[in-house]
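Grab a pencil and let's work through a few exercises together. Have a look at the structure first, then try each task before you read its solution.

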Amino acid sequence: MAVKTSEHYLRRARAMKPRVYMNGKRIENITEHPVTRTVVEANKASYEWAMDLQGEGGRLFRRPSHLNGEPCNLYNTLNRSADDLLQRAAAGLYAAEHLGTCIYRCVGCDAFNTLAATTFEMDRDMGTSYNARLMAFLRHVQAEDLTVAGAMTEPRGRRDQKMEQWIDPDLSLRVVEKNDYGIVVNGAKINISGAYASDWTIVLPSGARRPGEEAYAVSFAVPNGEEGMTYICQYTPYSAERELAESDRELGNPRFGQRETSMVVFDNVRIPWERVFLCGETKYAGKIVTRFAQVHRMVCGGSCKVGFGKVMIGAARLIQEFKGLDKVPHVNEQMTEMVTLLETVRACSKVAAIEGREVVPGSGIHFPDDLLGNVAKLNIGNAFWRIMALAGDIGGGLIVTMPSLKDLKNPETREYVEKYLGFGSETPAEEIMKVTKLLQNWTAGLHGVGTWHGAGPLQAQKIMVQRLADFEEMKRLAKEMAGIGGRKADPGR
Ligand SMILES: Cc1cc2nc3c(=O)[nH]c(=O)nc-3n(C[C@H](O)[C@H](O)[C@H](O)COP(=O)(O)OP(=O)(O)OC[C@H]3O[C@@H](n4cnc5c(N)ncnc54)[C@H](O)[C@@H]3O)c2cc1C
């Protein structure tokens with residue numbers, strides 16, 4: 001069967017031997033290291049959900065393969081209708097609500113869809129056979145129920161220079177050799193979610209490419225830990241805290257942690273032709289980037305971050321109740337504002353899915369409405385900071401000043417901590433502290449910047465809104481009403 005268990009994935013993850021570094025040290029075992037194992041746990045959850053045939057998980061995370069009708073994990077399938085897009089958005093929301101971090105198969109899924117449409121178009125236009133290669137790869141990924149990460153973002157050189165002016169040509173990933181076997185690539189991808197614990201990574205170009213930039217118009221799939229690949233992990237105060245913790249229970253998100261990424265370095269990595277999906281066709285690099293953004297902004301912006309927001313509001317609501325603030329009007333108004341902001345974004349994402357359509361005729365691949373997907377991401381980029389501020393207000397200063405949960409265990413301090421951090425309520429201090437720690441994770445951590453930049457910083461969406469908004473139609477309506485052109489407005493109105 002094409003849907004495998006989480007134990008299946010765990011066995012593969014244990015066998016992975018990528019070169020992973022964090023905070024100056026090599027990580028030998030990604031399934032046991034306190035930080036990297038959170039990525040493994042999140043991926044495992046995606047297998048557990050798909051196995052939950054009686055529950056919501058089974059409904060959201062299973063979908064038949066369009067290649068052979070076999071049930072597959074949603075993340076290894078293509079969106080072939082507006083209903084599929086609705087399922088994809090709902091799954092993103094569910095994953096975020098339950099993980100409070102990335103589901104690390106998300107970018108890979110959106111990369112598959114992007115490439116499925118674009119390789120179809122390339123083959124149609126140029127007589128290439130990229131689509132068949134991609135489908136052969138997808139068939140393998142589906143059959144084994146493999147995890148696939150996606151890598152687009154690159155270090156890049158100075159933004160005010162053309163690529164050929166950069167001091168180092170590897171600042172964008174490029175093809176340095178082509179031979180009978182395939183291609184050899186050099187460069188790096190940055191901020192890549194979960195790649196070191198994924199079976200494969202799909203690499204996409206990071207931007208539009210012009211004639212002369214053929215070496216940079218490249219897309220391919222690469223297995224975990226291929227020779228020449230090094231993963232250098234992010235390291236934050238949250239990583240240090242997790243390393244120092246005596247138990248995960250002391251942490252804000254015990255099982256799943258932060259959104260973990262790494263810089264993935266490609267040092268003369270060999271990729272066989274059968275896994276190359278773009279190589280030099282500059283015209284299609286920009287299309288890949290735009291289509292990826294089209295699907296990813298609906299999910300990453302419009303449903304995933306709504307899930308995060310719901311957890312944040314839930315934690316703030318609990319603290320409101322612990323503190324006896326249930327009936328305080330301004331706090332309830334803050335609650336209303338947070339819910340309204342989130343629901344507005346969720347609506348944008350949902351309608352983006354409903355209004356989705358086949359972008360490349362004949363490809364069968366559906367993409368969300370581009371304007372609404374961008375608006376969803378744009379809105380959450382701003383709304384998330386506001387929700388962080390409001391939840392932080394309700395949580396109070398303790399969010400950033402609270403002693404450690406270890407002080408609750410230490411016999412020399414336990415009595416004081418229990419007495420003074422229980423808010424004089426029925427709720428044990430330990431529970432209040434755990435919820436406060438959860439809120440610290442959301443309001444005083446990495447998620448504000450992460451939400452802003454994930455799926456592209458807000459200026460990228462503003463450019464798209466400018467491009468996609470039908471200003472001509474709006475002008476026509478205004479003119480008509482003002483009676484300055486076209487059909488005259490009814491003077492009697
Ligand atoms: C938690 C997290 C997870 C992520 N996961 C992934 C992943 O799995 N795969 C992946 O590929 N990427 C991933 N990303 C990367 C993410 O998509 C990028 O961070 C985002 O696109 C912004 O790119 P950047 O970080 O290079 O910032 P920059 O592009 O450097 O942006 C910084 C600022 O500079 C401005 N700017 C940049 N270039 C120009 C220009 N040419 N002209 C004018 N203004 C400019 C931007 O508008 C912005 O204001 C992740 C990011 C985060 C935070």
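**Exercise 1.** Which domains each give at least three residues to the shell around the ligand?

*Solution.* This is a predicted model, where local features need pLDDT of at least 70, side-chain atom pairs count only at pLDDT 80 or more, and totals for chains, interfaces and linings use all residues. Residues are numbered from 1 along each chain as its sequence is written, and side-chain values use heavy atoms, with hydrogens and water left out. Now the domains: domain 1 (7-282) and domain 2 (287-470) each supply at least three shell residues, with bounds from an automatic or database domain assignment.

**Exercise 2.** Find polar contacts (pairs of N or O atoms within 3.5 Å) to the ligand.

*Solution.* Start with Arg-159: an N or O atom in its side chain is 2.6 Å from an oxygen atom of the ligand. Next, a polar side-chain atom of Ser-193 sits 2.8 Å from a ligand nitrogen.

**Exercise 3.** Work out why the pair Trp-49 and Tyr-94 is edge-to-face.

*Solution.* Rings of Phe, Tyr and Trp (its six-membered ring) pair if their centres lie within 6.5 Å; planes over 60 degrees apart count as edge-to-face. Then check burial (under 20% relative accessible area, 1.4 Å probe, protein chains only). Trp-49 has 9%, so that residue is buried, and Tyr-94, at 13%, counts as buried too.

How values were computed. Polar contact = N/O pair within 3.5 Å; in protein donor to acceptor, adjacent residues only side chain to side chain. Phe/Tyr/Trp six-rings, centres within 6.5 Å; stacked < 30°, edge-to-face > 60°. Buried < 20%, exposed > 50% of the residue type's maximum accessible area, 1.4 Å probe, protein only.
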